Amino acid sequence: MKLEEQLRDAPVPDEAAAMERARRVVLAAHARRAPRRQRPAVRVGLAGAAAAAALALAFTPPGAAVAEWVGDVMRPGADDAQPVLDGLPAPGRLLVDAPSGPWIVQSDGSKRRLGAYDAAGWSPQGLFVAAARGRELLALEPDGDVRWSLAADRRVTGVRWAPNGLRIAYLAGPALRLVDGDGAPGKLLAARVSAVAPAWRPGSPQELAYADAAGRIRVIEPEAAGLRWRSRDRPAPVELSWSDDGDRLLARSPREVREYRADGRLLRRLPLRTSAAAWAPDGRIALARSLGRGRSEVLVLAGRGDKPRRVFAGAGRFSSLAWSPDGTWLGIAWREADQWLFIRTAETERIEAIGEVSRQFASGETGGFPELAEWCCARGP
Amino acid sequence: MKAVAFEAESPEGTVALSVDAFAGAEAGRAGRLVTRARSERALLRAAQRGSSEAMESLFRRHWPAAHRAAYLVVHDPAAAEDIVQEAFLSALRSLDRFDRRRPFGPWLHRIVVNRSIDWARARALRREVGVDAVAEPAAPADAGAGPLSANVLAALRGLPADHRAVVVLRHLLEYTPGEIADLLDLPRGTVNSRLRRALDALGEKLS
């Protein structure tokens, strides 16, 4: 066989999918570009300029001046983004973490701001929301009414409701504390820990993972005051999360992602710079990964032996991820584009984009990009 | 070879076209090239005026070869996708300034292949350890590929990036050594010597 034929026949991985992804991006960019005779003045947004500068530094095509790159910028984002969130693509309620406070978005797109709280998380059945405001820990009804509140001695962060609904773990300054789900005072679990939200393991008995002050991962049984296991080294995670079946723990550090078995055995280490991670109900993992040069991608990892699949890539950074409760849709917060993307990962891939999300979750003078916190249960009030 | 000049009517007025006319079997190819060039100019004109259909036609016409070329140089599926996507976006940014009398393909290929060489060189310098734990394998055992194609992939991987590039430009994209020299801003002699060494090395690996 001639060399030409061999080169033409050589397999190119993911060829068709790559073409389709690029087709969407290129056509979206083309649609945003004004036709020749009606071209307006070029506006360079801060994020767009940053992306263009990153491209200019990385790639300077022969014969083209850098000025050509910087002066003509394509703003990141999907062009056909809806200007208004008029519904979620899958059943459930979405808890949103915005600078204006936490919001709950219903399936039909209606939304309610809970109040001027710093952080929030769903109760196991989505009946309540645990929230923090300064040195106060609160349990809220989904309409924002305060069910109970508890004063702490230090600023409250990292609030997490236990799977059985009976406990809430939280950080008060550097300390890890526990409170009953009805607000009755609880106990001190650890005096000094890392500023990482703890993670409850689904199932029984109740186990809680946290990062100690040295950056080691510890898993404890709060009720029995016992240490189940701790990591041998100090991965210093910035995020901890358990799979829905409680079999695996994901520890995300700035340059690495680790997956542990429930008994503490390290299953794999992935040297990735990630900005977000999320478990699907069926055990897949979505990771938002930085590719450098101002670009990022979202990967979905299935089993250990399977190849990761890229579901999206674009300029900028993807700052949060959330799976729908049925695991068919993946929500991606795209800060530089001021968009949320919802990608259907089952059967036929689809992408739905919601634009101008900062404006939609602003309150009074308080604006800023809203992050996807938790996409909860289809049933509930 | 006999140079033949044509005049063609277009909305911009009469433009002059020159086509090298080849005797015998080449004449048909020359005719097809002229037809394709004319339709591509029409597509470019329409794309410049905002036609998404024209832009999509251009994309579909040029993506497959450009993507294959990038992959054969970088041997990284994600990098190949990014490089060619960015090349098209670069084309969009320059679309208004693009001279429709010039063919689009070589302009695109120039960007793609040069970036691919840069990427491959940068990767060799970075020696990214562990990235392959997530990135797809450089030479996947594709069930649909024949052993010959898989062998040529493996043999290509053993060449330096700039040698892979000249092989791809010559034997996949079918540019002449002179055209390759223009695309890569190299002396023609350098192109010829790289091509010769690359083909010798491929011959040894594949024999």
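Analyst: A definition to begin: a residue counts as buried when its relative accessible area is under 20%, as exposed when it is over 50%, and as partly exposed in between. Keep in mind that this is a predicted model.

User: Is B:Glu174 buried, exposed or partly exposed?

Analyst: B:Glu174 has a relative accessible area of 48%, so it is partly exposed. It sits in the loop between α6 and α7 (177-184) of chain B.

User: Where is A:Asp338 placed, and what is its phi?

Analyst: A:Asp338 lies in the loop between β25 (329-334) and β26 (339-344) of chain A. Its phi is positive, about 55 degrees, although A:Asp338 is not a glycine. With a relative accessible area of 22%, A:Asp338 is partly exposed.

User: By what are two packed helices described?

Analyst: They are described by the angle between their axes and the distance between the axes. Take helix α2 (residues 15-32) of chain A and helix α3 (residues 77-93) of chain B: the angle is about 20 degrees and the axes are 10 Å apart. Angles under 35 degrees count as roughly parallel, so α2(A) is roughly parallel to α3(B). Their crossing is right-handed.

User: Which residues of α2(A) and α3(B) make the contact?

Analyst: From α2(A) they include A:Ala18, A:Arg21 and A:Val25, and from α3(B) they include B:Glu81, B:Phe88 and B:Leu92. By class, this contact has 8 nonpolar, 2 polar and 2 charged residues.

User: At what angle do helix α2 (residues 52-74) and helix α6 (residues 161-171) of chain B cross?

Analyst: They cross at roughly 150 degrees, and their axes come within 8 Å. An angle over 145 degrees counts as roughly antiparallel, so α2(B) is roughly antiparallel to α6(B). The contact is made by B:Ala69, B:Leu72 and B:Val73 of α2(B) with B:Ala161, B:Arg164, B:Ala165 and B:Val168 of α6(B). It has 6 nonpolar, no polar and 1 charged residues.

User: How do strands of a sheet pair?

Analyst: They pair through backbone hydrogen bonds, either parallel or antiparallel. In chain A, an open sheet of 4 strands has the order β16-β17-β18-β19, with antiparallel pairing.

User: Which strands of chain A stand at the edges of this sheet?

Analyst: β16 (239-242) and β19 (266-270) do; each has a single partner strand, so one side of each is left without a neighbour in the sheet. Neighbouring strands are turned by 15 degrees against each other on average, direction ignored.

User: How many bridges join β16(A) to β17 (residues 248-253) of chain A?

Analyst: There are 4 bridges, and the two strands run antiparallel. A:Glu239 stands opposite A:Arg252 in β17(A).

Technical notes. Residues are numbered from 1 along each chain as its sequence is written. Chains are lettered from A and ligands numbered from 1 in the order in which they are written. This is a predicted model: local features need pLDDT of at least 70, side-chain atom pairs count only at pLDDT 80 or more; totals for chains, interfaces and linings use all residues. Side-chain values use heavy atoms; hydrogens and water are left out. Axes are lines fitted to C-alpha atoms, for helices over the stretch in contact, and angles run from 0 to 180 degrees between N-to-C directions. Angles under 35 degrees count as roughly parallel, over 145 as roughly antiparallel, 65 to 115 as roughly perpendicular and the rest as oblique. Contact means heavy atoms within 4.5 Å. Ala, Val, Leu, Ile, Met, Phe, Trp, Tyr, Cys and Pro count as nonpolar, Asp, Glu, Lys and Arg as charged, and the others, Gly among them, as polar. A crossing is left-handed if the near helix is turned anticlockwise from the far one by less than a right angle, and right-handed if clockwise. Two strands pair if DSSP finds at least two bridges between them. Buried means under 20% relative accessible area, exposed over 50%, partly exposed in between (1.4 Å probe, protein chains only).
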